[in-house]
Amino acid sequence: MENRDEAGHAALTAIWATLGAAGLFEALSALGTQVRTVRATSPWQDDPYNVAVSFTVFAVPRLAGVIAVRMFAWRAPGGPDRAHQMVRAAWVVIALMGATLVAEWAGVIVGAHASAWNRWTAVLVAGLVVTCAAALVATVLLARCRRPRGSSARWRYDWLSDLVWICGRIPVLRRRVTDGHAAWVRRHTTGVFAGLSALVAVGVVGALAIGEG
């Protein structure tokens with residue numbers, strides 16, 4: 001029991017560290033992509049460096065958001081399953097961030113758009129250093145949460161179970177989100193996620209089209 005509690009505490013610490021690093025990463029990405037005066041001085045404003053940024057600026061906050069929502073169910077039944085799944089999701093966040101940070105450093109190292117660099121470039125590079133440090137700390141903490149191979153085969157709880165548990169504590173949603181709905185989503189996983197992906201894509205493209213005129 002004590003070992004389980006220690007494992008849960010270690011996972012919680014690593015997950016919070018990952019969410020913190022993701023917050024810094026998103027702030028840096030938003031600053032470097034959404035503020036025109038800053039973007040004009042960014043070493044990674046164009047491809048091939050911008051390929052990773054364009055994807056992760058949307059993917060990282062969404063995945064981190066799902067992890068953050070599950071935090072509300074941290075003490076619900078199925079703690080070991082939840083901790084394992086959230087640590088795995090945190091690893092995905094770190095991997096996405098890592099690939100992007102490498103691309104951004106590549107832009108800095110080769111001196112892309114060096115003629116446009118100014119104090120905003122210095123702010124971006126400083127943010128890059130801080131974000132890398134935070135990501136490294138989260139990586140070390142996650143590495144201490146490794147589970148034996150095959151652990152996922154014994155899972156009894158998943159993120160849908162947590163969603164039902166959370167909604168069950170909200171009067172307005174208590175009868176609208178049930179185990180039956182969760183079971184339906186599990187049976188139609190591909191279709192549900194394809195539909196959601198299309199919906200998000202339309203929203204993102206529409207927002208960019210309006211924003212860029």
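Start with the cysteines: there are 0 disulfides here, a disulfide being a pair of cysteine sulfur atoms within 2.5 Å. This is a predicted model, where local features need pLDDT of at least 70, side-chain atom pairs count only at pLDDT 80 or more, and totals for chains, interfaces and linings use all residues. Residues are numbered from 1 along each chain as its sequence is written, and side-chain values use heavy atoms, leaving out hydrogens and water.

Click on Cys145: it is buried, at 9% relative accessible area. Cys167 is buried too, at 6%. (Buried means under 20% relative accessible area, with a 1.4 Å probe and protein chains only.)

Next, select helix H4 (residues 79-110) and helix H5 (residues 119-143), whose axes lie 10 Å apart at an angle of about 150 degrees. Helices here are DSSP runs (H or I, at least four residues), numbered from the N terminus. Axes are lines fitted to C-alpha atoms over the stretch in contact, and angles run from 0 to 180 degrees between N-to-C directions. H4 and H5 are therefore roughly antiparallel, the word for angles over 145 degrees.

Now show the side chains where they touch (contact means heavy atoms within 4.5 Å). Among them are Trp91 and Trp105 of H4, plus Leu128 and Cys132 of H5.

What angle do H3 and H4 make where they cross? Roughly 155 degrees, with their axes coming within 9 Å. That makes H3 roughly antiparallel to H4.

Key. Buried < 20%, exposed > 50% of the residue type's maximum accessible area, 1.4 Å probe, protein only. Helix = DSSP H or I, 4+ residues; strand = E, 2+ residues; numbered from the N terminus. Parallel < 35°, antiparallel > 145°, perpendicular 65-115°, else oblique.
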